[in-house]
There are 2 protein chains.
Amino acid sequence: MSIDAPQSRVLNEALRSKIMSAAEAAALIPSGSHVGMSGFTGSGYPKFVPVELAKRIEEIHNRGEPFKISVWTGASTAPELDGALAKVDAIEMRLPYQSDPNCRKRINEGTMDYIDIHLSHVAQYVWFGFLGKLDVAVIEVAGITEDGHLIPSSSIGNNKTWLDQADKIILEVNSWQSLALDGMHDIYYGTERPPNRKPIPMVAVADRIGEPYFRVDPDRIVAIVETDSSDRCTAFSPPDTNSQLIAGHIIDFLAHEVKAGRLPANLLPLQSGVGNVANAVMAGLEASHFENLTAYTEVLQDAMLSLIKCGKLTMASATAVSLSEEATADFLQNIDFYRERIILRPQEISNHPELIRRLGVIAMNGMIEADIYGNVNSTHIGGTAIMNGIGGSGDFARNAYISMFMTPSTAKNGAISCIVPMVNHVDHTEHDVQVIVTEQGLADLRGLSPKNRAKLVIEKCAHPSFKPALQEYFDRAMHGTTGLHTPHLLDEAFSFLPKWAAAHKAD
Amino acid sequence: MSIDAPQSRVLNEALRSKIMSAAEAAALIPSGSHVGMSGFTGSGYPKFVPVELAKRIEEIHNRGEPFKISVWTGASTAPELDGALAKVDAIEMRLPYQSDPNCRKRINEGTMDYIDIHLSHVAQYVWFGFLGKLDVAVIEVAGITEDGHLIPSSSIGNNKTWLDQADKIILEVNSWQSLALDGMHDIYYGTERPPNRKPIPMVAVADRIGEPYFRVDPDRIVAIVETDSSDRCTAFSPPDTNSQLIAGHIIDFLAHEVKAGRLPANLLPLQSGVGNVANAVMAGLEASHFENLTAYTEVLQDAMLSLIKCGKLTMASATAVSLSEEATADFLQNIDFYRERIILRPQEISNHPELIRRLGVIAMNGMIEADIYGNVNSTHIGGTAIMNGIGGSGDFARNAYISMFMTPSTAKNGAISCIVPMVNHVDHTEHDVQVIVTEQGLADLRGLSPKNRAKLVIEKCAHPSFKPALQEYFDRAMHGTTGLHTPHLLDEAFSFLPKWAAAHKAD
């Protein structure tokens with residue numbers, strides 16, 4: 001899928017001497033290293049070095065010697081990175097987001113440490129020195145210019161920070177990535193540590209405030225590996241009935257807000273989380289009457305690309321392009337068109353509270369479950385096991401103009417309600433959740449006290465098969481506690497619904 | 001305690017005709033109104049009109065007729081406002097923060113609705129139209145200039161927004177407030193609704209970006225009431241042993257961070273929550289070696305004033321001055337000195353995520369309890385009853401350079417542990433809490449996975465009498481769940497510690 005490329009994409013003479021094999025490069029990463037890798041939602045991650053590193057670590061482990069590293073990324077990567085390293089038990093600590101089955105298994109069996117961090121916090125924590133020294137950066141780029149600048153690939157994530165902070169830099173120059181990406185990126189170099197921070201000079205989605213390339217200190221580049229391998233390119237499921245219903249409720253709500261004068265006719269910049277439901281909402285917008293939309297988001301998925309293609313979305317800012325194989329083909333084929341309409345930025349900018357609040361982003365994020373009082377669990381199963389992570393949902397939800405969370409009302413073929421009395425892990429508090437949407441309906445919680453939220457969430461969002469149980473819990477809590485601000489039966493908050501469901505099934 | 005003042009502080013001729021009694025002004029507020037009142041942590045609230053309104057409502061209720069209003073403020077007020085209105089059951093809905101015993105009782109018995117909102121969100125929600133129309137503003141000011149501008153009093157809170165948005169404006173001109181406050185305020189009029197927002201042009205605590213007075217449309221002023229009555233002026237307890245120990249741990253930590261190169265020698269702007277413990281930390285700083293400090297906070301309490309007086313704190317930005325009677329006397333006596341070192345701003349600016357993050361604020365907030373994994377409950381007792389509210393703690397914690405939460409390790413004379421297995425209400429998630437401090441010690445959670453946080457919180461922060469119980473819970477959770485990312489025993493998460501404590505007591 002690559003376009004015609006010159007023999008080598010390492011155009012800088014001096015750097016060409018650093019080209020080596022992935023195995024040789026992997027050998028430069030010592031045990032105990034903090035390694036900052038590129039990669040965001042399956043895009044732009046290094047594809048060869050982590051695999052060779054995993055092989056090497058497996059051999060070392062087979063000799064009975066210990067070898068682990070810490071892996072810091074932008075967000076989720078792919079089997080060749082998280083998967084390969086987790087399989088051989090090579091990761092001591094992982095941050096700030098993952099979605100890999102092998103990683104998840106390790107974390108939940110207790111053999112890998114994981115820190116789930118707001119995506120906008122990561123770069124600054126490293127600059128502040130809160131996470132220790134970054135030893136090695138392993139960064140995929142699309143090419144190296146004659147004067148030694150780096151052309152970013154399909155995601156930016158924390159790459160700017162990793163390149164600035166790491167002692168050693170390993171580059172993967174991936175000729176699968178289109179060189180025509182050149183010019184799509186906007187790398188802002190104006191960030192500082194307090195007390196030297198300045199306002200970020202952006203007032204619209206389309207504003208370019210940085211440079212097209214990464215700066216890099218050539219002396220710290222220890223290896224360059226030439227690769228030719230595709231991004232993860234996961235296919236999206238076609239929108240199912242539930243996703244279409246969720247999209248429909250959201251579009252009705254947005255239309256209602258426009259009519260009430262609370263949103264402009266072309267809305268405000270859209271943010272859309274990862275995954276199929278979020279993708280379906282974007283697909284729903286394509287069929288809607290909305291025009292001249294913009295997006296200020298983390299990741300650009302298939303349906304958003306389609307929204308650009310049809311002309312409804314005039315400008316999208318993100319930190320990654322994460323497409324299916326089919327959409328990737330279209331993206332590469334029409335990249336001159338898309339380059340005028342897509343800006344890729346560092347995730348400290350795509351997810352920056354200052355910018356999200358200033359632009360007035362409409363945030364739409366998936367969740368695992370919500371409780372009747374409007375607290376949202378985005379990360380945990382059963383209160384103890386991690387699913388993926390909070391990602392950027394907190395950055396967007398807290399600072400959004402309107403913050404929505406969405407999920408089908410049930411999981412496991414209807415056996416489990418995604419609306420519960422009390423979530424057993426809170427990622428987004430009642431203070432940050434304005435709208436909850438399921439296929440059943442939409443609950444607009446703005447301006448409502450906890451009890452009024454509960455009534456509305458049960459009425460609008462709960463699945464009919466769980467409504468009686470939730471109503472019973474709420475009614476009993478209203479009479480079973482001395483605190484009627486947020487009525488709960490603490491002894492039953494986590495167990496009532498499962499017990500009710502089991503009894504109901506036995507009926 | 002007032003300084004010499006002219007006969008009337010209403011210097012504008014035209015407006016003088018609107019002077020009337022508090023009872024006459026209160027009669028202009030209809031039932032069902034949304035009323036925006038001034039007031040922030042017991043400062044600058046209207047002192048006469050709410051009392052007269054409460055009287056009127058009580059009479060109406062005695063006739064068997066309904067009469068309720070919604071009360072929006074900056075933050076907490078005083079007995080003459082929240083207390084008087086709550087006593088006569090006059091409040092339908094209250095936001096965004098309260099700390100009044102009568103309000104609390106109403107909320108928790110279910111006869112008053114309460115919405116607990118991040119303080120930085122309130123003004124914009126009103127501008128966006130999310131809370132409905134503001135009908136009446138009741139605002140205390142220190143005076144009215146000849147050309148009709150309003151000299152703010154001892155707090156600013158949301159007054160700018162209330163004055164801009166209300167249909168009818170009632171002013172209380174309080175001659176107890178010093179006219180020498182004139183020049184201490186900085187009212188920023190550059191806020192807009194998206195998509196027209198611009199960067200807020202502040203890069204240092206000392207920057208003045210606005211105007212000294214409130215603008216007001218004279219046609220909407222329906223009443224002016226002349227008052228002469230003091231702010232709440234609650235006394236602070238002298239720092240007790242626990243507070244001093246907490247302050248000591250924080251000061252040691254800050255010194256350690258300076259030594260490690262992670263903080264400048266004069267630190268970064270300090271934010272300190274309300275109450276005795278927060279006040280004690282500031283008192284501790286006065287005895288420390290730190291110099292040239294600044295503060296970017298919501299409320300300036302006694303100890304911070306003292307820090308300014310002794311020259312250690314060179315500049316403080318806040319939205320309210322909330323002092324004891326004794327400190328008030330000093331403040332008024334030396335107001336020319338303090339006016340050069342204190343800037344009072346609207347709370348949408350004092351609590352703005354953009355500015356808190358840019359300035360790199362060191363946030364120090366009290367809490368009710370924390371769990372071993374670093375989730376914080378700032379608002380609820382027993383998971384159901386409200387104490388006060390989240391206030392600005394979320395604005396500061398999420399966007400701070402370093403975010404600390406502090407509490408004595410036990411409450412109720414040692415009967416209850418403030419470190420628990422799982423908090424039964426989450427206001428600050430594990431993603432937003434970096435440091436937990438009790439009199440026992442300080443747990444620095446930066447860069448730690450949940451399990452490592454748990455070990456450290458138990459070790460450093462738990463009271464010795466509860467350590468064995470917490471350790472037992474954690475150990476059993478490590479073996480009693482399939483999810484070892486955040487090990488919990490959901491059936492016992494809320495009940496284990498109380499049961500253990502009861503059994504322990506029976507021993």
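Let me start with A:N276 and what it touches. Setting aside neighbours within four places in sequence, A:N276 is in contact with A:F236 and A:S237. A:N276 itself sits in helix α9 of chain A. Its relative accessible area is 32%, so A:N276 is called partly exposed.

Keep in mind that this is a predicted model. For chain A the mean pLDDT is 96, and 98% of the residues reach 70 or more. The exception I want to point out is residues 1-5 of chain A, where the pLDDT is below 50. That stretch still has 10 contacts in the model beyond near neighbours in sequence. Where pLDDT is low, the predicted coordinates should not be read in detail. For the complex, the predictor gives an ipTM of 0.97 and a pTM of 0.97.

An unreviewed UniProt entry lists it under "binding site", together with A:G273, A:V274, A:G275, A:V277, A:I368, A:N388, A:G392 and A:K412. Do these positions gather at one spot or lie apart? They span 140 residues in sequence, and the farthest two C-alpha atoms are 25.9 Å apart, so they do not all gather at one spot.

Take another residue from that list, A:G273. It lies in the loop between β9 (270-272) and α9 (276-286) of chain A. Is A:G273 buried or exposed? Its relative accessibility is 6%, and the cut-off for buried is under 20%, so A:G273 counts as buried. Not counting residues up to four places away in sequence, A:G273 touches A:A278, A:Q301, A:M364 and A:N365.

Now the other annotation. Which residue does UniProt list for "active site"? The residue is A:E298, again from an unreviewed entry. On the chain, A:E298 is found in the loop between β10 (293-296) and β11 (299-300). With a relative accessible area of 7%, A:E298 is buried.

What is A:E298 in contact with, leaving aside neighbours within four places in sequence? The contacts are A:F40, A:L119, A:A318, A:T319, A:A320, A:N351, A:G391, A:G392, A:S393 and A:F396. Two names there deserve a second look. With A:N351, the side chain of A:E298 makes a polar contact, side chain to side chain, at 2.8 Å. A:G392 is in contact with A:E298, and A:G392 is also one of the "binding site" positions in the UniProt record.

How values were computed:
Residues are numbered from 1 along each chain as its sequence is written. Chains are lettered from A and ligands numbered from 1 in the order in which they are written. This is a predicted model: local features need pLDDT of at least 70, side-chain atom pairs count only at pLDDT 80 or more; totals for chains, interfaces and linings use all residues. Side-chain values use heavy atoms; hydrogens and water are left out. pLDDT is the predictor's confidence in each residue, from 0 to 100. Contact means heavy atoms within 4.5 Å. UniProt positions are given in the numbering used here, feature names are shortened, and annotations may be inferred rather than shown by experiment. Helices (H or I, at least four residues) and strands (E, at least two) are DSSP runs, numbered from the N terminus. Buried means under 20% relative accessible area, exposed over 50%, partly exposed in between (1.4 Å probe, protein chains only). A polar contact is a pair of N or O atoms within 3.5 Å; within protein, one must be able to donate a hydrogen and the other to accept it, and residues adjacent in sequence count only if both atoms are side-chain atoms.
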